[in-house]
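Colleague: I would like to go through this structure with you. Could we start with the terms and then move to the details?

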Amino acid sequence: MEQYSVTGMSCAACSARVEKAVSGVEGVTSCAVSLLTNSMGVEGTADSKDIIAAVEKAGYGASLKGKASAQGNSSSDGDALADNETPKLIKRLIASVVLLLALMYFSMGHMMWNFPLPQWFENNHVAIGLVQMILAAIIMLINGRFFTSGFKALWRRSPNMDTLVAMGSMTSFLWSVFVLFAMTKAAADGDAALAGKYMTSLYFESAAMILTLITVGKMLEAKSKGRTTDALRSLMRLAPKSAVVLIDGAETTVPVDQVKKGDIFVVRPGESIPVDGVVIDGISAVNEASLTGESIPVDKSAGSMVSAATINQSGFLKCRATRVGEDTTLSKIIKMVSDAAATKAPIAKTADKVSGIFVPVVIVIAVITLIVWLISGQTAGFSLARAISVLVISCPCALGLATPVAIMVGNGVGAKNGILFKTAVSLEEAGRIQIVALDKTGTITGGEPKVTDILPVEGISEEELLSYAYSLEKKSEHPLAKAVVELAGERGVNASEAADFEALPGNGLRGTLNGKSLIGGSVKYISGQIKIDNGLVQRAAGLADEGKTPLLFAVDNTLAGIIAVADVIKEDSPQAVRELQNMGIKVVMLTGDNEKTADAIGRQAGVDEVIAGVLPDGKESVIRALSKRGKVAMVGDGINDAPALTRADAGIAIGAGTDVAIDAADVVLMKSRLSDVPAAIRLSRATLRNIHQNLFWAFIYNIIGIPLAAGVWIPLFGWTLSPEFGAAAMSLSSFCVVTNALRLNLVKIRESRRDKRMKSPLEVSVGLADNPDDAGSSSIIKTLSIKGMMCEHCENRVKAALESLEGVESARVSHEEGTAIIGLSKDIDGKDIKKAIEDAGYRLLSIK
């Protein structure tokens, strides 16, 4: 998407006109114009010169936004969003108010309340009228922008809000000038009574007050609109301006836009990290609240990743730059928020359609009002007052701002809390979600195996059992071994490496320590080596039922105990699932693991349904099946989740996940916490409610105001509305809409007390007919007997190896049965299957 700055827009009719003009350019596939930020997002192959020319032909100005990084040009980007309009409007307003007070003194103060005037004004109605005309003319010149913009738009047959204001004010002024000429003639003829009578038909104060009150509304609106972009501006201000880079061993301070990938930079305590990088030396705690909203500092050491705009709090860090310029995390966040502001939500389409024809319709209604009152016998002054009231009370701005201001504020609240919506569509869709599909690994669980239980036999302590296991697992490269080694390191266990180490794929480990023989491995392997008590076998089976992998260790052919390892669920996962369910959302867990492991994790997390044995392409098919039953959100973090994230109505990527997953998603959770999923949905729902409130106010205001201004209720109730009150009402309408949107800043997105249940979706269980991994759907089925698998991680390795073969449509792998059932679209040579399995570290026994 290319973004443009657009100038000259004053209301929703203007943005609709620009959008229509650019959409007609050949090569433009989509165009969204934001009145709030005076920007435009364009997708397609059209040349920027053609797009700018189309905007200028429509009567507005456009320029291509600079592509410099948010860090290198943070100040210029911030200036683009700076509230430059409010100071100008305040100056105009002050001058207008001072002159208006003088005008009101002559027009109403003297006439109605007999305020004193200089003696030469006494009974000189023409002089009083001339002073009013001069003061009104000066106010009109001060606010000349309304006239130049309004009449230029009318000339181009694309009238806007400025056209309505200009027509109302100019009509009042010209009518008053006509009356002043008549008054002058009456005075010249010596008819002082007639000249005095004409004074009540002057509307100079109306012409001036309309402009002044509209300027008040514009000033309040500009000030409120400026606050809606506070979040984006604060993100831009976070960008560091300089970095301390090591050049030939010496520390040199350079502008941050001169830092290149691979440069070595240093950060002292209290300093901001200039670009994304990896720590190569030093230990510190880094405050990442600017990006994630998480106030607790994160420990960093050699090998840890650091991000631009985060604060180094305690130690000295030496880092290597990995991402600079537009590629830094901060720059991507700024781009996401900016792009979201430049897009339009589907809910805004109705308001856009109305805004496109609103002003011409209002002008027609004003003309009809004038004619009807004249025909009914009313005076020209009364009839003009009704028509002018119709012109100035009508407000297309409220309609045009109803959606974008809420979207901008909602995006800002999300960004402050580490929740990034890429587009306005994704912000709207998240609030309509009925089903949430969660990837297990890395989303519900931590993604890495951890030791969950240490069960030594009688006579052996936990420390002894862990030291024996540590000695064996030190040399193992298995993922489960890493969990044991990590725990031993955390507890400070010191143990020598086992001698005569031998790894038996799929079975276990063997070695010697201080003359003692050590063996470790699965229940199946250990039970084949030594005799195991039935109670311990059952205990191991119980651990397996809980989704854990029991590892048994023996010393000198005597069992020492069991260490259970599992990919444990995150602390906040069960609470997040409960919150989703309380919102009326059905929660489904997808995983490639076997059913036993998946069911155990599913029970711990409390999900409504578990779908196990799902391949990467299978996840996409499951999401497609779920979509038939309701709006679906997919939450994942891996490359294999990308197709499903794209297929879902709302793809939500965990921030710590892969770049591929983040690119494929619609919403990015920077904190990598599952509890941010209900928070994102809560924020989206609050934004949708706010948009509905704004649209209701904008429509109801015009539905009530226009008939009242036209005098529809005069015959029944005697209700009239002067042009001045009409202008005041118009001024406040946009201000009310923007102020209501700012209330979103008060929404507590992590509080679940006020959650409301949505209508539950239809039954969403996915049977075999929908399950993409049903091997029966393939034309050729083969069963492989495989030796060496001992846990679900082994299953995943075998599955990945098999599915990489051309012609393999699906695979179901079980380490307990030692089999893999594969579905083929064409026959594959057994040698290729054997090689793939052996390359993965296992042995193929047979193919049936």
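Predicted model: local features only at pLDDT ≥ 70, side-chain atom pairs only at ≥ 80, totals over all residues.

Colleague: How many salt bridges does the search of the whole structure find?

Modeller: The search returns 16 salt bridges. One of them joins E428 and R432, whose closest N and O atoms are 2.8 Å apart.

Colleague: Is E428 buried or exposed?

Modeller: E428 is buried, at a relative accessible area of 5%.

Colleague: Which parts of the chain does the pair R491 and E462 link?

Modeller: That salt bridge has an N to O distance of 3.4 Å. R491 sits in the loop between helix 19 and strand 17, whereas E462 belongs to helix 18; the two are 29 residues apart, and the pair links distant parts of the chain. R491 is partly exposed, with 42% relative accessibility, and E462 is partly exposed as well, with 33%.

Colleague: Which residues are linked in a network of salt bridges?

Modeller: D453, E546 and K548 form such a network. Within it, the side chains of E546 and K548 meet at 3.1 Å, N to O. E546 is partly exposed at 37% relative accessibility, while K548 has a relative accessible area of 18% and counts as buried, because the cut-off is under 20%.

Colleague: Let us change topic. What does the secondary structure of the protein come to?

Modeller: It comes to 31 helices and 30 strands. The protein has 848 residues, and 55% of them are buried. Of the contacts with a separation of 6 or more, 71% are between residues 24 or more positions apart.

Colleague: In what order do the strands of the open sheet of 6 strands run?

Modeller: The order is 16-21-20-19-18-17, with antiparallel pairing. Strand 16 (450-456) and strand 17 (499-504) are at the edges with a single partner strand each, so one side of each has no neighbour in the sheet. From one strand to the next, the twist averages 15°.

Colleague: Over how many bridges do strand 20 and strand 21 pair?

Modeller: Strand 20 (residues 549-555) pairs with strand 21 (residues 558-566) over 7 bridges, in the antiparallel sense. T549 is opposite V565 of strand 21.

Colleague: And what packs on the sheet?

Modeller: Helix 19 (residues 479-490) does, touching strand 16, strand 20 and strand 21. The direction of helix 19 makes about 75° with that of strand 16.

Colleague: Back to helix 18. What does S471 touch?

Modeller: S471 lies in helix 18, residues 462-473, and is buried with a relative accessible area of 0%. Leaving aside residues up to four places away in sequence, S471 touches A495, S496, E497, A498, L513 and L518.

Colleague: One last item: why is helix 14 described as largely enclosed by the rest of the structure?

Modeller: Because 12 of its 14 residues are buried. Among them are G381, L384, R386 and I393.

Colleague: What span should helix 14 have at 1.5 Å a residue?

Modeller: Helix 14 (residues 380-393) should span 20 Å, and its end C-alpha atoms are 20 Å apart, which agrees.

Notes
Residues numbered from 1 in each chain as written. Heavy atoms only, no water. Helix = DSSP H or I, 4+ residues; strand = E, 2+ residues; numbered from the N terminus. Expected span 1.5 Å × (residues − 1). Buried < 20%, exposed > 50% of the residue type's maximum accessible area, 1.4 Å probe, protein only. Contact = heavy atoms within 4.5 Å. Pairing = 2+ DSSP bridges. Axes fitted to C-alpha atoms, helices over the stretch in contact; angles between N-to-C directions. Salt bridge = Lys/Arg side-chain N within 4 Å of Asp/Glu carboxyl O.
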